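These are my notebook entries on one structure, written as I looked things up. I begin with a pair of helices and then turn to sheets and to the chain contact.

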Amino acid sequence: MKKNFNSKWFVGLAVATVLCLSILWRHYYSSPKVEKNRLAVHSPLFDPGDKTTSVLLKEVEMETGKMLNITASIHQSKVRANQMQQTVLAYLQGPRSGQVQVPVPEGTALNEFYFTPAGAAVVDLSVGQVKKESVGFYEEALFVRGLIDSLTGNFFEIKQVKVLVEGQDAPTIFGHYALGTSEVNGPAPAAPKGPDL
Amino acid sequence: MKFFTVTKILFFRLCFFLFLFPCLASAKPIVVLDAAHGGADSGVKVGSEIEKDWDLKFAQALEKALQGAGFEVVEIRKRDETITPDKRAEMINTAQGSAVLILHMDRDGFGSQKGPQLVVEPPTQGAETTEIPRWGAITPFQFRTSLKLARAIASRLGMEAQLSSLSDSRGSSGESLSPTSRLFCLPHESLRYLNSPAVVLTPLFLSSASDLKKFSSADAISEFATKVSLALADFLQ
């Protein structure tokens, strides 16, 4: 009887050990895969031998104030997230003189960019150098819509664009355009139901 | 006994007609006016033009025009003072207005834009599926009512009634869009937590010399305010 109890106890202990080991294995060896995805964009964005490809960026025609699609070149890096980051950089560092310019307030910079497996492009911006009183709602709206369209228009994998300010969730970038509720891409939802007013 | 019962009923009826009915009949629709920024928050600046001062100027002219048109007006900011966004939202929601007008001036670094401009908040995704909307959610009904208010103002100000093609897809779905329209459906920090029909009204761009010239006289501002008050009367009809 005592022997039986001991062997059952031993089997139970062995099963528990295997379970613990498998949990530990998953924890230490599976999580870094996500981390690798995030870190991938920190490595050089492209190799010197990578071919160039074109992307469409949203820019503003000075005379009319209309948003136009302008072609820009980026490198075809092996990691898709690196191409996305190059697109964001091309948008932020676009032309600020001439007939067509980027609607990016001067001083705006990219802190970090990463693309999550769920399809969210996270753009962390630095705006410490921008004077808030020099950016109104219209310019802020052009900037955010341009950023979203430049990303979602070129990369079908992006289902959502999340904008962070100095690494934090913020209600707005410059005080007017409300972040957090609008940066969703995807099929336009059905027309809102309600009485015909 | 019967006599007393009949007298009681007659007494209550008399009370109703003498007090309650006249009160109901004279109830005026409430319009909430919020001059944005103020105090330490100056809003946008172009040279010596400061947004918070223009916001207050237009709010005061609108208050006069709306009171003249028979509305009860609740003004959120009456002087140059700092009010936090949360406090503003609380004050506006507590007023339970039939319509809310948030006054903002704007600026455009490209110099091509002019007022007036209108902004309505897009509906929150999924807000139509819950019976009790979560805090801060803009229901489709609220969105459509705000859009109706914006269109009434656009019509009186001679603006295009179509939504701008820059609008958010949640509000512009099913709408015909115009690239030249100045009526936007975009998320605005000032509209985020409001539960009444609300629009952001931008009479002028501080970066536009023609806008500043147009509103250099008090008469021009008061004429603009009269048009807006007529639009509110159209909306609340």
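**Entry 1: Two helices on α7 of chain B**

I listed the residues by which two helices touch: K57(B), F58(B), A61(B), L62(B), K64(B), A65(B) and L66(B) in α2(B) meet I221(B), S222(B), A225(B), T226(B), V228(B), S229(B) and L232(B) in α7(B). Two residues are in contact if their C-beta atoms, placed from the backbone, lie within 7 Å. By class, I noted 9 nonpolar, 3 polar and 2 charged residues in this contact. Nonpolar covers Ala, Val, Leu, Ile, Met, Phe, Trp, Tyr, Cys and Pro; charged covers Asp, Glu, Lys and Arg; the others, Gly among them, are polar.

The model is predicted: local features need pLDDT of at least 70, side-chain atom pairs count only at pLDDT 80 or more, and totals for chains, interfaces and linings use all residues. Residues are numbered from 1 along each chain as its sequence is written, while chains are lettered from A and ligands numbered from 1 in the order in which they are written.

I then looked up the geometry. The axes of α2 (residues 51-68) and α7 (residues 218-236) of chain B come within 8 Å and cross at roughly 55 degrees. Axes are lines fitted to C-alpha atoms, for helices over the stretch in contact, and angles run from 0 to 180 degrees between N-to-C directions. The angle therefore makes α2(B) oblique to α7(B); under 35 degrees counts as roughly parallel, over 145 as roughly antiparallel, 65 to 115 as roughly perpendicular and the rest as oblique.

Which helix also crosses α7(B) at roughly 135 degrees? I found α4 (residues 140-156) of chain B, whose axis comes within 8 Å of that of α7(B). This pair is oblique as well. In α4(B), the residues that meet α7(B) include L149(B), A152(B) and I153(B). The contact of α4(B) with α7(B) divides into 7 nonpolar, 1 polar and 4 charged residues.

**Entry 2: Strands of chain B**

I counted 7 helices and 10 strands in chain B; helices (H or I, at least four residues) and strands (E, at least two) are DSSP runs, numbered from the N terminus. Of its 237 residues, 45% count as buried, which requires 20 or more other C-beta atoms within 10 Å of a residue's own, C-beta atoms being placed from the backbone.

Why is β1 (residues 30-35) of chain B largely enclosed by the rest of the structure? The reason is that 5 of its 6 residues are buried. I found 4 bridges joining β1(B) to β4 (residues 72-75) of chain B in parallel, with V32(B) opposite V74(B). Over 5 bridges, β1(B) also pairs in the parallel sense with β5 (residues 99-103) of chain B, where A99(B) is the bridge partner of V31(B). Two strands pair if DSSP finds at least two bridges between them.

**Entry 3: The sheet of chain A**

In chain A I noted an open sheet of 3 strands in the order β2-β1-β3, with antiparallel pairing. β2 (67-75) and β3 (100-101) stand at the edges with a single partner strand each, so one side of each lacks a neighbour in the sheet. Between β1 (residues 52-61) and β2 of chain A there are 9 bridges; K58(A) has N69(A) as its bridge partner.

**Entry 4: Where the chains touch**

I recorded 31 residues from chain A and 35 residues from chain B in the contact. On the side of chain A, helix α3 (residues 137-152) gives the most, with 5 residues.

Technical notes
A residue is buried if 20 or more other C-beta atoms lie within 10 Å of its own, exposed if 12 or fewer, and partly exposed in between; C-beta atoms are placed from the backbone.
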